[in-house]
Every structure is written in structure tokens, then in C-alpha cells.
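Let's take a walk through a protein model together. Have a look at the sequence and the structure first, then read on.

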Amino acid sequence: MRRLFPLFSVGVLLAVVLVVALTALPDGGGRDEREPTQVDRKVLAISIDGLNPDALTRLGPAKTPNIHRLIDEGASTLNARTAYEKNITLPNHTGMVTGDPIDADDGGHGVTWNVGDPSKSIAKGEDSVFTVAHEAGLSTGVFVTKQKFELWQRAWGDHIDLFAAVDDHDRLVSEAAKDLAAEQRDLTFVHLSLPDVAGHASSGMSAPYLAAVEESDEQVGQLLEVIDADPGLAKDLDVILTADHGFKPGITNHSEKVYENYRIPFIVWGPDAAAGEDLYDLNADDYRDPGKGRPGYDGPQPIRNADLGNLALDLLGLGPIETSDIGKEQSLDVK
């Protein structure tokens with residue numbers, strides 16, 4: 001009988017070891033029910049209102065070094081497209097953050113106006129990139145240089161942790177840079193509009209317009225300085241830069257049917273983007289370079305500024321905007 005207790009103890013010990021081993025297995029008898037570890041990704045989206053890609057070519061790396069750095073070190077195209085219906089500020093920016101076309105009858109966000117009007121609203125039930133990010137527990141911030149963007153605050157105020165609409169461009173960029181450094185929000189949207197202001201006043205590609213593009217490049221540089229100064233932020237953050245429309249030389253408006261107006265840049269830079277790659281080459285199966293064309297929403301699609309929302313969410317490790325039509329089935333490959 002003396003040997004029964006030691007044998008029993010050994011048996012119990014073996015059973016305990018077996019149970020512990022099984023519960024450590026990733027599947028089957030001991031499935032790990034813990035949530036997978038989330039990588040701390042961040043996205044800074046920048047829209048330069050009225051940026052004609054030809055201005056970047058004409059000014060070159062010497063006068064627009066920061067945007068050219070994004071192009072050289074990231075994946076990009078200078079032949080993306082605005083929304084088909086209109087390429088004015090509020091409709092196109094709302095497309096960027098909803099992933100939708102404009103026409104509400106075709107499932108779009110319905111923002112056809114371009115002025116601040118508290119009586120008008122985004123289409124009912126329309127979600128945004130801020131909605132998805134915030135509901136996933138991520139922090140969001142919006143910095144814009146036009147007061148009419150209060151439309152977003154009315155629509156998604158509960159999903160935007162900080163909304164700053166500041167007409168003074170220098171102060172707006174300073175506030176955005178400080179917030180980027182201190183808060184390091186998961187998703188930040190920054191709207192810069194000096195080229196648009198200069199284009200309406202002096203026409204596209206005029207001397208004042210090109211000077212405004214140079215100054216916008218400097219503003220982008222202020223944001224990049226924050227990223228460069230923080231190794232952790234540089235490791236975690238991707239930048240998406242695009243525009244709502246361009247500006248034709250000699251013209252002070254931007255009709256949606258003019259090539260120089262509906263052609264825009266789309267640039268992705270950061271740890272998740274391939275260096276020096278063309279976005280159309282990376283997405284040859286799903287997107288087609290439109291040349292000088294202005295394709296609608298049927299048939300092969302160009303890269304559009306409305307791809308921004310779902311691409312940002314993909315980079316953050318989240319699913320698409322459920323109410324979106326653009327970039328929902330396949331977000332852009334950037335590497």
C-alpha cells in the first residue's frame with residue numbers, strides 16, 4: 001500500500017501537466033480565446049485643396065522637397081481622379097472620408113453643395129472613416145482650413161475626438177503638428193487650402209498659385225518633422241496625401257470636365273508603403289490608369305481620392321466603411 005500514494009501523486013501530476021499543455025495549444029483541445037495582439041498603426045491623411053500635379057513637376061524637388069520625398073520614398077501616382085460628378089471642395093472631401101460617390105440616387109453621400117449650410121445634411125445613415133475608427137476604440141482628429149467642414153462635425157461629431165476649423169493656415173498647421181506630437185492620434189485628417197485660395201484669385205499655375213504650392217509643401221514638411229523626431233511614430237505612421245481637384249492654367253474655376261481639374265495626386269508614404277512604386281503598377285488587377293480620360297463609375301476604375309477612407313482603415317488593420325462603394329471590395333495595395 002505504501003507505493004499506491006506515490007503512484008497516485010505522479011498520476012495527478014502528469015494529468016495536471018497534460019491539461020496545462022493542452023490549454024496552451026493554439027487550437028483544438030486548448031483553444032486560445034484571447035484576442036490577437038493589435039499592431040499600433042497610425043494614419044495621417046493630408047488633402048491639399050486645389051493641387052494640380054503639374055505644379056509638383058514644374059517646381060521639382062528643389063522647391064517642393066517634402067512632397068517629392070513622399071513620392072520618392074512611397075507609392076504614388078500623379079494621375080488619380082476626383083469624383084466623377086463634381087470636383088469642388090466639400091463634395092470631394094466628403095467622398096474621401098465616406099468612400100462614396102456624390103450622387104445620393106446612386107448610393108452616394110449626397111453632398112452636392114459647397115457652402116456652409118446648417119440646414120443641409122449628409123445622406124442619412126452615411127458612415128465615415130471616423131465612424132469605423134472610433135467604434136474600434138481608436139482616437140481621431142480633424143484639422144481643416146475652411147469653416148464649411150462643420151458639416152462633418154454635425155454628421156460625425158461623436159466619432160471625431162478633436163475637430164479644429166481654423167482659417168489662419170499657419171496656426172492650423174501649428175496646432176495639427178502639436179497634436180500629432182503630443183496626442184499621436186490613430187487617425188488624423190489635415191486639410192490645407194493655400195493653392196485653392198491662390199487659384200481662385202490668380203488662376204491655376206500662376207506665380208501666386210505656384211508660391212502657394214511651395215508654402216503647402218513647407219506645411220507638409222512641418223508635419224514630417226514631427227514624425228522624423230519620434231522614432232516610434234516614424235515606425236507606426238503612414239501618410240496619405242491627395243487633393244480634391246487641380247487648377248487649369250489661366251482659369252480661376254475648376255470645372256469637373258477639364259483634365260487639369262479632375263487629375264490629382266495620390267501618395268502613400270510610411271512603413272507600409274513600397275518606396276518609389278507606381279500605385280497603378282501595384283494594383284494592376286483592380287485599377288486602371290485612365291490616361292487623360294474621365295471614367296465614370298462603371299467599368300475599370302482609376303484610383304480616386306475617395307479611395308482614401310478605406311485605405312486608411314486597411315492600414316489601421318480595420319475593415320471597410322460598410323456604407324461605402326469605393327475601395328470597399330479591394331483597398332489599394334501600397335507595397
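Where is Met-205 found? Met-205 sits in the loop between helices α8 and α9, and we'll come back to this loop at the end.

## Before we start

What you see is a predicted model, in which local features need pLDDT of at least 70, side-chain atom pairs count only at pLDDT 80 or more, and totals for chains, interfaces and linings use all residues. Residues are numbered from 1 along each chain as its sequence is written, and side-chain values use heavy atoms, with hydrogens and water left out.

## The overall picture

The chain has 13 helices and eight strands. Both kinds of element are DSSP runs numbered from the N terminus: helices are H or I with at least four residues, and strands are E with at least two. Of the 335 residues in the chain, 51% are buried. Here, buried means under 20% relative accessible area, exposed means over 50%, and partly exposed is in between (1.4 Å probe, protein chains only).

Now for contacts, meaning heavy atoms within 4.5 Å. Among the contacts in the chain with a separation of 6 or more, 73% are between residues 24 or more positions apart.

## The sheet

In what order do the eight strands of the open sheet come? The order is β4-β3-β5-β1-β6-β7-β2-β8, with mixed pairing. Two strands count as paired if DSSP finds at least two bridges between them. Strands of a sheet pair through backbone hydrogen bonds, either parallel or antiparallel. At the edges are β4 (162-165) and β8 (277-278), each of which pairs on one side only. Strand β8 runs parallel to β2 (residues 75-81), joined to it by two bridges, and Ser-76 has Asp-278 as its bridge partner in β8.

Next, find strand β5 (residues 187-192). Six of its six residues are buried, so β5 is largely enclosed by the rest of the structure. Both faces are covered: one side has Leu-187, Phe-189 and His-191, and the other has Thr-188, Val-190 and Leu-192. Strand β5 pairs in the parallel sense with β1 (residues 42-48) over six bridges, where Ala-45 has Phe-189 as its partner.

## The nonpolar core

A nonpolar core is a set of buried Ala, Val, Leu, Ile, Met, Phe, Trp, Tyr and Cys residues joined through side-chain atoms within 4.5 Å. The largest one here has 83 residues, and those touching the most other members are Leu-44, Phe-130, Trp-152, Phe-189, Ile-227, Leu-241 and Phe-266. Helix α9 (residues 207-229) gives this core its largest share, nine residues.

Helix α3 (residues 65-73) has buried residues too: Asn-66, Ile-67, His-68, Leu-70 and Ile-71. They pack against β1, α2 (53-63), β2, α9, β6 (237-242) and β7 (263-269).

## Two residues that touch

Look for Asp-238 in strand β6. Is Asp-238 buried or exposed? Asp-238 is buried, because its relative accessible area is 0%. Leaving aside neighbours within four places in sequence, its contacts include Arg-41, Val-43, Asp-272 and Leu-315.

Leu-315 belongs to helix α13 (residues 308-315). With 8% relative accessibility, Leu-315 counts as buried. Its contacts, with neighbours within four places again left out, include Asp-238, Ile-240, Val-268 and Val-334.

## A residue that is partly exposed

Asp-286 lies in the loop between α12 (279-282) and α13. Asp-286 is partly exposed, because its relative accessible area is 41%. Not counting residues up to four places away in sequence, Asp-286 touches Gln-301 and Gln-330. The C-alpha atoms of Asp-286 and Glu-329 are separated by 9.9 Å, although these residues are 43 apart along the chain.

## Back to the loop

Most residues other than glycine have a negative phi, and most peptide bonds are trans. Met-205, though not a glycine, has a positive phi of about 65°, and Met-205 counts as buried at 8% relative accessibility. Ser-203 lies in the loop between α8 (194-202) and α9. Ser-203 is not a glycine either, yet it has a positive phi of about 90°. Ser-203 is buried, with a relative accessible area of 10%.
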